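Hello,

Have a look at it first, and then read on.

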2 protein chains.
Amino acid sequence: MPLRLLLLSSSRTHGTDYLEHAREQIDWLLGSSPRRIAFIPYAAVRFSYDEYEEIVVKGIGGDHEVMGVHRFDEPVDALEKADAIAIGGGNTFKLVHDLQHFGLMEAIKERAQQGTPFMGWSAGSNVAAPRLCTTNDMPIIEPASFNTLGLISTQINPHYIDAHPDHHMGETREERLMEYISLNPESSVIGLREGSMLKVDGAVMTLEGSAMARYFKEGEEPREYRPGSDVSFLL
Amino acid sequence: MPLRLLLLSSSRTHGTDYLEHAREQIDWLLGSSPRRIAFIPYAAVRFSYDEYEEIVVKGIGGDHEVMGVHRFDEPVDALEKADAIAIGGGNTFKLVHDLQHFGLMEAIKERAQQGTPFMGWSAGSNVAAPRLCTTNDMPIIEPASFNTLGLISTQINPHYIDAHPDHHMGETREERLMEYISLNPESSVIGLREGSMLKVDGAVMTLEGSAMARYFKEGEEPREYRPGSDVSFLL
């Protein structure tokens, strides 16, 4: 089965409900038959996994069943019973720590590569890339390694923003990503502004949504991509 | 020899030159005789270590000699020739990676604990704490571990800021630090606003500078400290 991924910058945009801005693409990902979605809530830190599950049920439940993997004694067992996977946003370090701790990193990678529809938002999109290196989050817990799912070969920076940083001695997001590529010239980054997302259908990756994305590669000028652009070269 | 540390939130404040706002405290740290300062430039990413050294010479050189440890075949050898240590700001992950890589983490810890005057700013203050967990920086490179110098027992968050974050879907700095303490209830954090710094003289730690600091501990309301406050309980 071909790869089938949906990687969102954020869970919502200004003035939309949870995952509402990606309704069309989520319908594409999950198809017309009801799915059992294994939901990974481990990016949550200061709210419960149950609360998180509830929010996601409201957002994408409908005809589909959302199963929080935290309800299973062995979270990895949830994948056996599921025919879709969703990873929610929150703190990326907490998420990566727990995915590794529960043996979910390898198991999810395998299932997604076999064609199980996979969606993620924010931290959940971040981990679809090879490494957690381009997260915006604070490293509040140490994961066993920075390696993540590697379902695509470029790095994702969710919530990409052009504005100046929140204090005048800090770097802009662009400066941070330029630092990343200068230390990692073999890698590249796609900065997904809120409202934008990547859709992967087999060997084709498209930029979708309402916002443009900015691409960074060492030795090249940053490039802008419009929604609808074919960005398969980043797969 | 008693511990002698100076830990700055930032290298400058609005309208001051490099390290100028801490002139009085730096004079206290280094004393009246000329010092040979081992300077650690490894937090730099997109500018050279030589350039960094030059900036620091201008900032705190004067009567003192500033030796960039990058000039030594074995950077750790620079410590033998030095009677003070300074760690500059930049990217904390790059700094921690290189300190561990060159065997400097243990060597600096030992020297500072023996009473060698130590100063750091931004990332350089961050690593004086037990772990890198409360940095604001992007994890652009994976260090061998998150463990840092542990010269004090509380975590430092440099460039602490009250403002709302740079995009409306993100967390405030306070929310990020609350996430840290909720996952690490045995730990605590002092958020150093720009212009503030910690001065450690033996068993006494004082908040210095022109800005207040905010303290976070799981299960307690965040607390504000004014410059001049004795915060030795965080040592």
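A definition to begin with: a residue is called buried when its relative accessible area is under 20%, exposed when it is over 50%, and partly exposed in between, using a 1.4 Å probe and protein chains only. By that scale Arg36(B) is partly exposed, because its relative accessible area is 36%.

Some background before the rest. This is a predicted model, in which local features need pLDDT of at least 70 and side-chain atom pairs count only at pLDDT 80 or more, while totals for chains, interfaces and linings use all residues. Residues are numbered from 1 along each chain as its sequence is written, chains are lettered from A and ligands numbered from 1 in the order in which they are written, and side-chain values use heavy atoms, with hydrogens and water left out.

**The sheets of chain B**

Helices (H or I, at least four residues) and strands (E, at least two) are DSSP runs, numbered from the N terminus. Two strands pair if DSSP finds at least two bridges between them.

Seven strands of chain B make an open sheet in the order β3-β2-β4-β5-β1-β8-β9, and the pairing is mixed. At its edges are β3 and β9 (204-209) of chain B; each has a single partner strand, so one side of each has no neighbour in the sheet. From one strand to the next, the twist averages 20 degrees. Strand β2 (residues 36-40) of chain B runs parallel to β3(B), and four bridges join them. One of the residues involved is Ala38(B), whose bridge partner in β3(B) is Met67(B).

Which strands does helix α1 (residues 23-30) of chain B lie across? They are β1 (4-8), β2, β4 (84-87), β5 (118-121), β8 (196-201) and β9 of chain B, and the helix runs at about 155 degrees to β1(B). Such angles run from 0 to 180 degrees between N-to-C directions, with axes fitted as lines to C-alpha atoms, for helices over the stretch in contact; contact means heavy atoms within 4.5 Å.

Chain B also has an open sheet of four strands, in the order β6-β7-β10-β11, again with mixed pairing. Its edge strands, β6 (155-160) and β11 (223-225) of chain B, each pair on one side only. Here the twist averages 25 degrees from one strand to the next. Four bridges connect β6(B) with the parallel strand β7 (residues 188-193) of chain B, and Tyr160(B) stands opposite Arg193(B) in β7(B). Helix α7 (residues 173-183) of chain B lies across β6, β7 and β10 (213-217) of chain B, at about 170 degrees to β6(B).

**Salt bridges**

A salt bridge here is a side-chain nitrogen of Lys or Arg within 4 Å of a carboxyl oxygen of Asp or Glu. Over all chains, the whole structure has 24 of them.

Arg71(B) and Asp50(B) meet in another, at 3.4 Å, N to O. This pair joins the loop between β3 and α3 of chain B, where Arg71(B) is found, to helix α2 (residues 49-61) of chain B, which holds Asp50(B).

**Core and interface**

A nonpolar core is a set of buried Ala, Val, Leu, Ile, Met, Phe, Trp, Tyr and Cys residues joined through side-chain atoms within 4.5 Å. The largest one has 112 residues, and Ile108(B) is among those that touch the most other members. Leaving aside residues up to four places away in sequence, Ile108(B) touches residues including Ile40(B), Leu79(B) and Phe118(B).

Chain A and chain B each give 42 residues to their contact. Together they bury about 3,700 Å², 62% of it on carbon and sulfur atoms; buried area is the accessible area (1.4 Å probe) that two parts lose on being put together, summed over both. Between chain A and chain B there are zero salt bridges.

Best wishes
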